[in-house]
Amino acid sequence: MNQCLMDEKKKIVIWGASNRAHRFMMDYCISEEKVAFLVDRKKGVQDEGFVYMVGKEKKKVYSPHVLDELSVEDYIWVITVGQPEDIVEELKSKGGGVKPLVYPSDELPCRNNLALYAMWAYNLENENRHNLTYDDLRKKYEELFYNNKLILPRMTMVLTTRCTFRCKECIEMIPYLKKHEDIAKEEIFRDIDNLVSSVDECVFMELIGGEPFLYKDLDEVIRYILKQDKIRNIAVVTNGTVNISAEMLSLLKHEKISVIVSDYGISDKCGTFVEILKEHAICVQVLQEQEWFAPGEAHKRNRRMDDLKRQYDKCHSPWWCKTIYKGDMYACVRSVALHELGYIGNEQDLIKLDSESKEKIGEFFKRDWCEACDHCDLYAESHTYCRAGEQIKQ
C-alpha cells in the first residue's frame with residue numbers, strides 16, 4: 001500500500017464521489033472511518049451524499065469551495081476523476097507541501113485483485129437490498145483465496161451487436177462492425193451451460209449489447225440464467241432508450257437482477273426509463289456525467305511486450321472484463337470487435353468455451369497480456385479522456 005495512505009494521523013479526502021471512489025476504497029481496503037469527506041463539482045452529487053458500499057452512513061460531499069475553509073495539508077488527498085491535472089495543481093497551490101494521489105496511476109495503481117473485485121461485485125447487486133456487512137465480504141475474500149475454487153467475479157455476455165447509439169469511442173467498436181446481429185438464443189444457452197459446468201461460481205453475469213433491450217429473446221435468456229445456482233447475480237447494461245414491456249418490468253424485479261443505466265445526457269428517454277424502473281422497485285444504478293478513457297483507433301501500435309503487460313495489468317481485463325461471444329471467451333469486449341474486424345487473429349486473446357473448460361479458464365485468467373492491448377489506448381502511457389457517449393454524426 002502507498003505509504004501516504006497509512007498515515008494514522010491524517011484522514012483521507014476523496015475528490016470525485018463516483019464509482020471510481022468506491023473502487024479505490026475497496027482496492028486499498030479503506031475503511032469508512034478513514035475518509036473524512038468527499039469533494040465533487042456536481043451539485044446533485046453534493047446534495048445526495050456518498051454511501052460506501054458496505055456502509056449505511058452517508059459521507060458529506062462538498063463543492064471545491066471547501067478548500068477555502070480548511071488546511072489542505074491536514075488531509076491525505078486522493079483524486080478519482082479523469083483528467084486530474086487541474087485538481088492536482090489547485091491543491092498544490094494551497095501550499096503546505098500537499099502531494100495529491102491520483103487513482104489509478106503508477107503511484108496508486110488499480111491492483112486487479114480477484115478477491116477485491118469479487119467483493120465489489122457482491123455488494124454492487126445487493127446494494128440497498130441485502131445490506132452486506134464488511135464481515136460478509138471478508139468471508140468471501142478468504143473463501144476465494146484459501147479454498148482454491150474457480151470463482152469468477154464478473155463475466156460479460158454479448159447478446160446483440162445492434163444498438164440505438166453510435167458512440168465514437170465505443171469500446172466494443174459497435175458503429176464500425178461490418179454487420180450487426182442478434183446471437184441465437186440456443187447458442188447463448190449452450191455457452192451458459194458450458195460456463196456453469198466449468199466454474200464453481202460466477203458472482204456477476206453482465207448482459208450487454210449493443211443495446212440488450214433490442215434483443216428479442218432477452219426474457220428467455222434471463223430466465224435461463226436465473227435457473228443457474230452458480231450464477232449469483234445478473235446485470236443488464238443499457239443506455240435507457242428502449243421501451244420495455246410490462247412483462248419485462250415484472251421479470252426485472254427479481255432479487256438477483258439489477259439494471260445499469262448509462263445516461264450520456266443525449267436522450268430525454270433515459271430519465272423516463274430510470275423513473276419507470278424506480279416506480280417498479282427494480283434495482284437500478286445510473287451512471288451520469290461520465291468520462292471514458294479513449295481507446296482510440298484500431299490500428300496496431302507495435303508496443304513492446306513489457307508495455308503490453310503493464311497496460312494489461314493496469315486495465316480491468318485480467319479479472320473484470322472477460323467476455324463470452326459465440327462460443328468463445330475473450331480477454332475483453334474490445335478483443336471481440338478486433339477479431340470480428342480482422343485486426344487480430346491469434347489465440348492469445350481467447351479460448352474455446354466447452355463443457356471441460358475449468359482448467360483452461362483458470363489458465364486464461366492467469367495470462368499477463370493480450371494482443372488487444374496493442375490496438376487500444378486504455379491505460380496506455382499516452383491515454384486520453386473523452387466525453388462518454390459522443391456520437392458519430394455520419
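Reader: What makes D368 and K309 a salt bridge?

Author: In this predicted model, the closest N and O atoms of D368 and K309 are 3.5 Å apart, and because a salt bridge asks for a side-chain nitrogen of Lys or Arg within 4 Å of a carboxyl oxygen of Asp or Glu, the pair qualifies. The two residues belong to distant parts of the chain, 59 residues apart, with D368 in the loop between α13 and β17 and K309 in helix α10.

Reader: Why is D368 called partly exposed?

Author: The relative accessible area of D368 is 39%, and since buried means under 20% and exposed over 50%, a value in between is called partly exposed. K309, with a relative accessible area of 34%, is partly exposed as well.

Reader: What do the side chains of D68 and K94 form, and which parts does the pair tie together?

Author: Their side chains meet in a salt bridge, at 3.0 Å from N to O. Because D68 lies in the loop between β3 and β4 while K94 lies in the loop between α3 and β5, the pair ties together parts that are 26 residues apart in sequence.

Reader: How many salt bridges are there in the whole structure?

Author: A search of the whole structure finds 21 salt bridges, and R304, D306, D307 and R310 are linked in a network of them.

Reader: Which residues of helix α7 are buried, and how do you know that they lie on the same side?

Author: The buried residues of α7, which covers residues 218–226, are L218, V221, I222, I225 and L226. They cover an arc of only 135 degrees around the axis, which puts them on the same side of α7. In general, an α-helix has 3.6 residues a turn, so residues three or four places apart point the same way.

Reader: What covers the buried residues of α7?

Author: The cover includes the helices α6 and α8 together with the strands β9, β10 and β11.

Reader: Which residues have the most contacts inside the largest nonpolar core?

Author: That core has 76 residues, and those with the most contacts inside it are M155, L195, L207, I222, L252, M329 and I361. Leaving aside residues up to four places away in sequence, L207 touches several residues, including L218, V221, I222 and I225. Apart from this core lies another, of 21 residues, among them I12, M26, L38 and V45.

Definitions and conventions: Residues numbered from 1 in each chain as written. Predicted model: local features only at pLDDT ≥ 70, side-chain atom pairs only at ≥ 80, totals over all residues. Heavy atoms only, no water. Core = buried A, V, L, I, M, F, W, Y, C linked by side-chain atoms within 4.5 Å. Buried < 20%, exposed > 50% of the residue type's maximum accessible area, 1.4 Å probe, protein only. Contact = heavy atoms within 4.5 Å. Helix = DSSP H or I, 4+ residues; strand = E, 2+ residues; numbered from the N terminus. Arc of directions from axis to C-beta.
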